[in-house]
Amino acid sequence: MEVTLLGTGAPAGLPRPDCPCAVCATARGPLARAATALLVDGALLLDLTPGAALAAARAGHSLVGVRQVLLTHPHDGPALDVPAGLPPAGRVPDGRVLTLISGHRVRAVPMDTPGTGYEVASPDGERLLYLPPGGAPAGLTDGAAPYDMVLADVVARPDAIARLRATGGIGATTDVIAVHLDHEVPGGGELERRLAAAGARAVPDGTTLIVGEYHAVPDVPRRTLVTGGARSGKSVEAERRLETFPGVLYVATGGGRGGDTEWADRVALHRERRPNSWRTEETCELVPLLSGDGPPLLLDCLSLWLTDAMDRVGAWDDERWRQGGERELRKRVGELVTAVRTTGRTVVAVTNEVGSGVVPATASGRRFRDELGRLNAAFAAECEQVVLVVAGQALVLRN
């Protein structure tokens, strides 16, 4: 089954008309995207967009052979220029199956928002799923056979990808293509990096893909360390890296602080950001979690884990530190690093960069700064990817 993407952008396109934002200002050449539309084997057009015939011609195709035009969402953009000879556009009721004269079978997939998704099966058995902008499948059941290709709004609805992964619709070899791309995410390398973390990719307008043909799925790093300063956006970056995966275990190492309303507000903000499918566990016992099997882990954060570890060994007291506290802390850190090295789980850990600021005034403060620097270096050495977040921008230090 051959799919040509006549456009890969949001309904208003990219750049958006009259939008002064930085992303739209730089969306030129291959970074410019028309509204998403798919031409399947020259016989089926999914979404009719302005200039579809011209877009097809630029991609080396024609709409002359199109026998069915299906819409996924109401069109609220410019008036459509319907090419002569093209059949009228329509929509298949949810759950209904349409068989084309070309042999393709199209099933309408219910969405959790207004709109319709389409599952298309070729006469040879390849299967693709195309979802509308801002939409995620509703009523999915476990045990679904994985699609060969999924084209979806990965950036705006990462939970749609998580749902499909949870029910089997996306497997290890499914080619996940991001479409309906808007100006929320900078283009170029930043878009590629974010999509790769979700096991997805984007392609330029006019690209023709072969459904079922082997394509290397973006390699999602199994162990990632995200570091940065206070309020740099490091926790948001860490959460973003796992938002397309179901059942994530969020490990909060800070615990509760009775009577501290500012801390309670911080915890509440973090909880509101997390997908509903994630579970939360408040613990500093990270080694057993890393040693066992299970869903991905998000560890937030190592600096609070170290605070707890230093509390346990009495590291804040100079005498206890010299009398064995330092040795005990080294043992605890060594056990954690070994667990990271040998874990079979996907892990994203958050930590703090504290060595670039003011030198602490106390010996215990300087001790914490030094020990966190050592922990970060040892943990990073065991990770496939290390990311530094500065002013909300992620800089990949190791990949």
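Reader: Is Leu-299 buried or exposed, and why?
Author: Leu-299 counts as buried because its relative accessibility is 1%. Buried means under 20% relative accessible area, exposed over 50%, and partly exposed in between, with a 1.4 Å probe and protein chains only.

Reader: What kind of model is this?
Author: This is a predicted model: local features need pLDDT of at least 70, side-chain atom pairs count only at pLDDT 80 or more, and totals for chains, interfaces and linings use all residues. Residues are numbered from 1 along each chain as its sequence is written, and side-chain values use heavy atoms, with hydrogens and water left out.

Reader: Where is Leu-299 found?
Author: In strand β17, residues 297-300. Strands (E, at least two residues) and helices (H or I, at least four) are DSSP runs, numbered from the N terminus.

Reader: Which residues does Leu-299 touch?
Author: Leaving out residues up to four places away in sequence, Leu-299 touches Val-251, Leu-286, Val-347, Val-348, Ala-349, Val-350 and Phe-379. Contact means heavy atoms within 4.5 Å.

Reader: How far apart are Leu-299 and Leu-6?
Author: They are 41 Å apart in space, C-alpha to C-alpha, and 293 residues apart in sequence.

Reader: New topic. Why does Leu-395 count as partly exposed?
Author: Because its relative accessibility is 43%. Leu-395 lies in strand β20, residues 393-398.

Reader: And the whole chain? How many helices and strands?
Author: Ten helices and 20 strands. Of the 399 residues, 45% count as buried.

Reader: What does the C-alpha trace span?
Author: About 90 × 45 × 40 Å along its principal axes.
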